[in-house]
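Open the structure in your viewer and keep the selection tool at hand.

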Amino acid sequence: MSPALRPPDSPRETGRGRVEGAPGVLPALAVFAAVRLAGVVLLIVVDAVAGRPFGKSLVHAWDSVWYLHIAEHGYGTQLHITSTGAVQTDWAFFPLYPGLVRALRGLLPVTAGQAGLLIAWSCSALAVYGVYTVVHHLHGRAVATAAVALWAVLPQSVVFALAYTEPLFTACAAWSLHAVLRRRWLTAGSLALLAGLSRPNGVAVAAAVAAAAVHEVVRQRGRASPGLLAGMVMGPLGWAGYVLWVGRRTGDLWHGYLQVQSAWNSRLDLAVGPLRFLESMPVRGSWVTYPVSVVLVVAGIVSFCVLCLDRTPLPLVVFAGVLLLLVVAVSGPFSCKPRFLLPAFPLLIPPARALVRTWCPSPSHRARLLCGGLTAVSLLYGTYLAALASQPL
């Protein structure tokens, strides 16, 4: 059978520790919540020691400032002039997350920051559920739990505790991919549309849906259902619609958004920019943040190669591959690149499978200590990224 799409899951079960369609998801959610809650506590403690307002690092860290400002005041109301004279505008930030923040503020008596955290934390739970369900569909409960555990302890996973868009984007992406695997094309296309409205790299979800749809049409010898065609067409509409809207606002329909991103030092240069940065890193880079970022990106590349060799379903390969390509081929602060890879959860499948083989049938005391130590280091490093580092997260 072709690995592009797998047959639907076996009959769904419910019961203790089980949620319909994803047996064993509750323990995985508990592991993720425990690790990320510890990260929230560390951030609050650091803010208190530094004399900052309660929870400042949760809602006023780097990009979250821009998103919350858009939610309160709309687009075109904030800009920043860099030391080189570039004018950075809020049009670089996609609209779904700030739109949801504004909507929630209209429903509940909360501040923009509180609304942003409620949405981010709720979407984090949905994202974990989606990631677990996709991996469980392919490799079973043990690998799915290991993938969620690894995802929880990645240093960049600190953004799941912040008013950032990664939880929203990953939730849309994971459930869109799950819908593709189950051949629910309209659902997949609708969620891909929403993913495209949440982040610039939302185009990766649309590409995954389109690739799976084309493969299905070829497999069916040219026959395509109306739902499949509609889902494939819907996928890129969110991303393309916002890009064209920004282009119209700037006066250059086709290149306006690229000009906006260029002011943020984000442009497609086919890895020339990252290589130039690596050459100068010892001179201007952080001796902590940038080397760790390089290691994480290289690990992502290695994992992607293993993913391809392992006959992973086509939509997951395309999704992870496009995200990885954007990280490697687009310039910008190298310290942000591991965060851009965070939604590429299929990259965690190979290490999760390796972890299960090592951990089972029973983990040794040394293995437990090693995992506990790595988790502690990851939490401390994530806290440093969000609350103390001078480089953007």
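In which helix does V45 lie? V45 is part of helix α1 (residues 25–49); helices are DSSP runs of H or I with at least four residues, numbered from the N terminus. This is a predicted model: local features need pLDDT of at least 70, side-chain atom pairs count only at pLDDT 80 or more, and totals for chains, interfaces and linings use all residues. Residues are numbered from 1 along each chain as its sequence is written, and side-chain values use heavy atoms, with hydrogens and water left out.

Stay on V45. Its relative accessibility is 44%, so V45 counts as partly exposed (buried is under 20% relative accessible area, exposed over 50%, partly exposed in between, with a 1.4 Å probe and protein chains only).

Next, select W66 and W264. They form an edge-to-face aromatic pair, 5.0 Å centre to centre with 70 degrees between the planes (ring centres of Phe, Tyr and Trp, the last by its six-membered ring, lie within 6.5 Å; planes under 30 degrees apart are stacked, over 60 edge-to-face, the rest tilted). W66 sits in helix α3 (residues 63–73) and W264 in the loop between α12 (256–263) and α13 (272–284), 198 residues apart. Both W66 and W264 are buried.

Finally, select helix α15 (residues 314–329). Its buried residues include L316, F319 and L323. The buried residues of α15 pack against helices including α5 (112–139) and α14 (289–309), where contact means heavy atoms within 4.5 Å.

Note on methods
Helices (H or I, at least four residues) and strands (E, at least two) are DSSP runs, numbered from the N terminus.
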